[in-house]
Amino acid sequence: MDNNFVELDLAEGHSAKVCLFGATVTSWMNDGREQLFLSSCSKMDGSKAVRGGIPLVFPNFGPWDNGPQHGFARISWWKMINNEKADGIAKAQFTLKENETTLSMWNHKFQILYDVEIKPGTLRTSLTIKNTGGDEFDFTTLLHTYLRVPDIEKCMISGFAGTRYTDKVSKQTDRSEDREEIRISSNVDSIYCNTKEHTLKGPGVDIEVEKYNLPDTVLWNPWIQKAKEMSDFDDDGYKKMVCIEPGYVHERKVLKPGEEFICSQKLSVVNGHQSSI
Ligand code: TA6
């Protein structure tokens, strides 16, 4: 295993891999089947954010005056604190704190602990963001999860009905979502506010997404043209993925000195091992 990767291995076909660059989960195998999408031309060497898996967005979702889009978390080298396996659970913890690079963009002291945990049927990823400095700061954060599907056009995504959203493709804000099930057959880039859990269902895929302290969810598929425009994204990759991205993005979260914010997602493979609580 490349030194830049940490492996969580439960045997029996349950495993995960985390790239220390961005603490990006790049693989989650459940019952021997890969659940996450990773572009075959993704960089993994620190030259740019991993294209796939679960990139971490902090301290800013979207375009940022202080630095690169989606902030510095996904383009920083994280440190692994521990990697343990017990009682049918494999979990690893990673940390990132301020450094010369982050301070040059965002002059605040912080510590993030990132926990990645797998057991048969589930992957849980949790962020603990702490203000370790002497001044208040605000941020947005998001788990930019790329889920793998055999064929996106045969999938249905639910959990958005009755919520408000911004459609970045049509540039319409404050739209009302009334679809119980969303099918994707074009470029989708929508920021939904106050959603609950989501499901992704289709031939060969049945995933439940549960969230804690992440009220918003971004739904994204680049589709044909934007897939071609991304040098690190397979031209036909749009057929094999959808991003269902739990986030705290509609409002900015404020942390006073010493305060911390904990948020997480739990992904469960529904047909297969039932996710135990
Ligand atoms: O989460 C959706 C989004 O904000 C899209 O607008 C698109 O930019 C995507 O993130 C990927 O962004 P990236 O900076 O990774 O190319």
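Two strands count as paired if DSSP finds at least two bridges between them. I start there since the sheets come first today. The model is a predicted one.

Take strand β7, residues 89-97, and strand β8, residues 110-119. These two strands pair in the antiparallel sense, over eight bridges.

Nine strands form an open sheet, in the order β6-β7-β8-β9-β21-β18-β17-β12-β15, and the pairing is antiparallel. Which strands are at the edges? They are β6 and β15, the latter covering 181-182, and each pairs on one side only.

There is also an open sheet of four strands. Its order is β1-β2-β3-β4, with antiparallel pairing. The edge strands here are β1, at 5-11, and β4, at 33-34; each has a pairing on one side only. Strand β3, residues 24-30, meets β4 in the antiparallel sense over two bridges. Within that pairing, methionine 29 has glutamate 34 of β4 as its bridge partner.

Next, two spots in the backbone. In general, most residues other than glycine have a negative phi, and most peptide bonds are trans. The bond between phenylalanine 58 and proline 59 is a cis peptide bond, with omega at about 5 degrees. Proline 59 belongs to the loop between β5 (56-57) and β6 (79-86).

Where does the ligand sit? In the largest pocket. The residues around the ligand are Arg51, Phe61, Gln69, His70, Arg74, His144, Lys168, Asp189, Val218, Trp220 and Glu245. Sorted by class, this shell has five charged residues, three polar and three nonpolar.

Three of these residues have a polar side-chain atom to point out. For arginine 51, such an atom lies 2.9 Å from an oxygen atom of the ligand. For histidine 70, the distance from a polar side-chain atom to a ligand oxygen is 3.1 Å. For arginine 74, the corresponding value is 2.8 Å, again to an oxygen atom of the ligand.

How much of the ligand's area does the protein bury? The ligand taken alone exposes 390 Å², and the protein buries 84% of that.

Definitions and conventions: Residues numbered from 1 in each chain as written. Predicted model: local features only at pLDDT ≥ 70, side-chain atom pairs only at ≥ 80, totals over all residues. Heavy atoms only, no water. Near = heavy atom within 4 Å. Polar contact = N/O pair within 3.5 Å; in protein donor to acceptor, adjacent residues only side chain to side chain. Areas by Shrake-Rupley, 256 points an atom, 1.4 Å probe, with all protein chains shown as cover. 1 Å grid on protein atoms, 1.4 Å probe; cavity = no way out; pocket = protein on both sides within 12 Å on 5 of 7 lines; lining within 4 Å. Sits in = over half its atoms within 2 Å of the grid points. Nonpolar A, V, L, I, M, F, W, Y, C, P; charged D, E, K, R; others polar.
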